[in-house]
Structures are given as structure tokens and as C-alpha cells.
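Trainee: Could you walk me through this one while I have it open? I'd like to begin with how the chains meet.

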Amino acid sequence: MSLFEIKNLKKSFDDKEVLKDISLKVEKGEVICIIGPSGSGKSTLLRCSTNLETYDGGEIIFDGTLGLVFQNFNLFPHHTVMKNITHAPIKVQKRNKDEVYKEARALLKKFSLEDKEDSYPCNLSGGEKQRVSIARALAMNPDILFFDEPTSALDPELTVEVLRVIRKLAEEKMTMIIVTHEMNFARNVGDYIIFMDDGYIIEEGSPDEVFNSNNHRMDEFLGKLGE
Amino acid sequence: MMLESMLIQLCKGMLTSIEIFVFTLLLSLPLGLVIAWGRMSNIKPIRLLMKVYISIMRGTPLMLQLIVVFFAPYYIFGISTSSQFRIIAVIMAFSINYAAYFAEIYRGGIESIPKGQYEAAQILGYSKFETFFIIILPQVIKIVLPSITNEIITLVKDTSLSFVLAIPEMFTVAKQIAAAQASITALLVAGVFYYIFNMIVALLMEAIEEELDYYD
């Protein structure tokens, strides 16, 4: 059985059908990158998958903890970096405080943020904020981690450091579903690529299969991106 | 009348003013939050009711509200009230009036918190209750503090309206002395008292604002 499965998902906003018939399976340790033009339903698919949005048809089969990294971080501004990371594991998951702190420090070290423990989000760069928010998601020990365009709010030079962190997680076999506009990143890191357009999955498969396909919408999309 | 005895009387009146002020704040600050919740409720009748409530509280004179609250038990329920009820009526009237203003301030603050904060909290598994009190409210307090300070300063001065129910607060006392002496000295002294009172309030609120200034 797959770790995470979506069957025939349908979602409309008012009269507009955003997800038309989406099915996908995620195996443990797999990295799935979802690409496609804006308005294609990528973000809605992610929001339905993480229960931030209800859906009108189909089903999502998943039993476990999930994490989500937002495009604009959504860190809690009134909490320090450490509190942002540790508060939910301690208060919500009722885990041992010392253990959570130890894990959080290890995560901060891993993401080169060890000196930011007591900083507030407003004193961090965008790239640092996003790394903290990834650490916050990981501190919950999720079975699967979703990323909603994690680098879209970042300057190019800050994008690199965040992508490096995600790549590291991929090497460690973290199960991830990543909505991204970074085509090179998707090609290099993704085990499986999903190309969405107009509420449908148009192409899916290994990076080679998808990026070399002859589908005209895919070509058009990549062409627009200047590839 | 000696200046000294005038000051003693005014100080006594001031204690009553402070009593009204403190109890009104203790009641109206939390009540405002409840009204704000009602005003933002998903249930339409509750939302509408709170909208009407706020509109009446803001749209009619506070002095009239004081009178209505004081006489309501008699005219509506036929209960005759004791003289101690005066101060209770005053505090009640001030509280329900200020709660309406505070509710609108809270609402503004709550609505200014980005949706992403709620979503992040939801993903991390916080309950709605935890989300509000751990994530949202602390941020709201920081945002609304300057507006709350404004209202609190107005309240200090508004306590003088309780003269309509013959409460012996500072302004009532000052008016009586002024009438007896045929001189406005007592009123001017009262003015100085209000000013000092408000200066202390403003300094206190400023200190709290600074305390909350640890993040942008």
C-alpha cells in the first residue's frame, strides 16, 4: 500500500472547477515534484492534500503526520526561532521537552542556523526564515512533507540555500511532495514529476520522461520559462 | 472653604472615579473580546445581533445609556433598586459601552492577522482555542494597543459623566464645591487631577507597548 494516495480528486471554487480528476500515489522515501503554469491547480491540490481546503469528490488516503512548508513561511512572529520549532511538538504532540529541544538544536545545526536560536523571525533573511520553517515542519516528525513553492518568495541567491536544504532531505529519503517553479531543481531532485495544467495531470513519470515528452502543453510551458 | 479640605474632598471623589475606571476596564476588556467573536461569528443571527448592539452603543449618548441602565430594572422589571445600585449601574453602563468600542478595535486587530498564521497553526495541530490564545491574540494585543490606549484615556475623562446618577466621583464633587464657593477653582483642580491621572495611564501604556516591542 502506498504511503499517501489521492483518488479521483475533484474541487471547485464557486463555478470554477480547479481540480478535475486527480489521482496520484506516493511511496515512502519518494520525492514528487509538481510543476505547471499558475492557475493549473497545483497549490489547490497541495491545500486539499494537507486539509487546508475541503474537496468535492474523490478521496485522500493517508494515515500519519504531515508537514507543510509555505511559500511565505508563516512563522509565528512573536515566537523565537526555537519556540517556533519546539512549541507544537511539546504542546500538541506532548513530547518530552528536553528531547524536542535536542532535536531542534540538531535541525538548526544541520541547516546552519545554530546561532539563530533566540532570534525572532523579523531579524532573519528570507532564506533563513524558510529554513526555520522547514525545521519547524520537520520537528513534528512528519511522515510526509509538502512544499508549496518554497522558493517563490525568495531572491535568487537565497533560493539556492533553501534548495540545498531540500536536496539534503531528499538524500535522506524524506518523503516529499514539492510544488515548484524551479525546473532544474525538479529535474535533479524529483524521483517523479507531475505536470499539471487546467486541473488535470497532463504528464507524469520520471524526470527524463516528462521533460523529454512531446506533449505540446508541456513544450509550451517549458518554452515560456525559457528552457 | 479651606484649600486643604477641598483637596481632601476631591481626592475622595477621585477614589470613586478610579473605582469606576478600574472595574469598567476589568469588565469591558474581556467583554469586548466576546462581542468581537460574536461580531465575526459564522452564525448570521449572532453576527447581526452584535452589529446592532455595537451600533446602538456607539450611536447613542453615553449619558443616556447611564440613565437607561439605572432605571431599566424599575421600568422593565418593576424592581426598585437600592442606592448602592447607582455605582453598579454606572460600572455596568460604562462596561457595555466601552466593550462595544473595544470589540471593534479587537476585530480590526484580529482581521489584520494573515490567514497563513491560522493555516500554519492548523498544520501543526493546534486546536482552534490554542490557535487563538497562543498564536493570534498575542499578536493582536500588540497591534491594538495604541487604539486601546486612546479609549482608556477617554474613559478616564468619561467617568465624569456619572454625575448624572449623582455618584460622588471627582467631577460631581468638584461641581458641588464650585457651586458652593461660587468659584471655578475646584473644577480647575479637578482638571489637573484628570490630567495627572491620564499622564500616568499614558506612561503605563507606553511601558507595555515597549515591553511588546521585541518583534516587528
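Trainee: How much area do chain B and chain A bury between them?
Mentor: In this predicted model, chain B and chain A bury about 1800 Å² between them, 65% of it on carbon and sulfur atoms; buried area here is the accessible area, taken with a 1.4 Å probe, that two parts lose on being put together, summed over both.

Trainee: Which residues of chain B lose the most area to chain A?
Mentor: Those are B:Ile123, B:Leu124 and B:Tyr214, which together make up 34% of what that side buries. The contact, meaning heavy atoms within 4.5 Å, takes 19 residues from chain B and 21 residues from chain A.

Trainee: And before I go on, what are the ground rules for the model and the numbering?
Mentor: It is a predicted model, where local features need pLDDT of at least 70 and side-chain atom pairs count only at pLDDT 80 or more, while totals for chains, interfaces and linings use all residues. Residues are numbered from 1 along each chain as its sequence is written, chains are lettered from A and ligands numbered from 1 in the order in which they are written, and side-chain values use heavy atoms, with hydrogens and water left out.

Trainee: OK, cavities next. How many are there of 30 Å³ or more?
Mentor: The count comes to three, where a cavity is a set of points on a 1 Å grid over the protein atoms alone where a 1.4 Å probe fits but cannot get out, a pocket is an open set with protein on both sides within 12 Å along at least five of seven lines, and lining residues have an atom within 4 Å of a point. The largest cavity holds about 80 Å³ of space, a volume being the space filled by probe spheres set on the points, which are joined across faces, edges and corners.

Trainee: Switching to folds, what does the secondary structure of chain B come to?
Mentor: Chain B has eight helices and zero strands, and its C-alpha trace spans about 70 × 45 × 25 Å along its principal axes.

Trainee: In what order do the six strands of the open sheet in chain A run?
Mentor: The order is β5-β6-β7-β3-β8-β9, with mixed pairing, where two strands pair if DSSP finds at least two bridges between them. β5 (66-69) and β9 (200-205) of chain A stand at the edges with a single partner strand each, so one side of each is left without a neighbour in the sheet.

Trainee: How do β6 and β7 of chain A pair?
Mentor: Strand β6 (residues 144-148) and strand β7 (residues 176-179) of chain A pair in the parallel sense over four bridges, and A:Phe147 has A:Ile178 in β7(A) as its bridge partner.

Trainee: Which strands does helix α5 of chain A lie across?
Mentor: Helix α5 (residues 156-171) of chain A lies across β3 (31-35), β6 and β7 of chain A, at about 150 degrees to β7(A); axes are lines fitted to C-alpha atoms, for helices over the stretch in contact, and angles run from 0 to 180 degrees between N-to-C directions.

Notes: Helix = DSSP H or I, 4+ residues; strand = E, 2+ residues; numbered from the N terminus.
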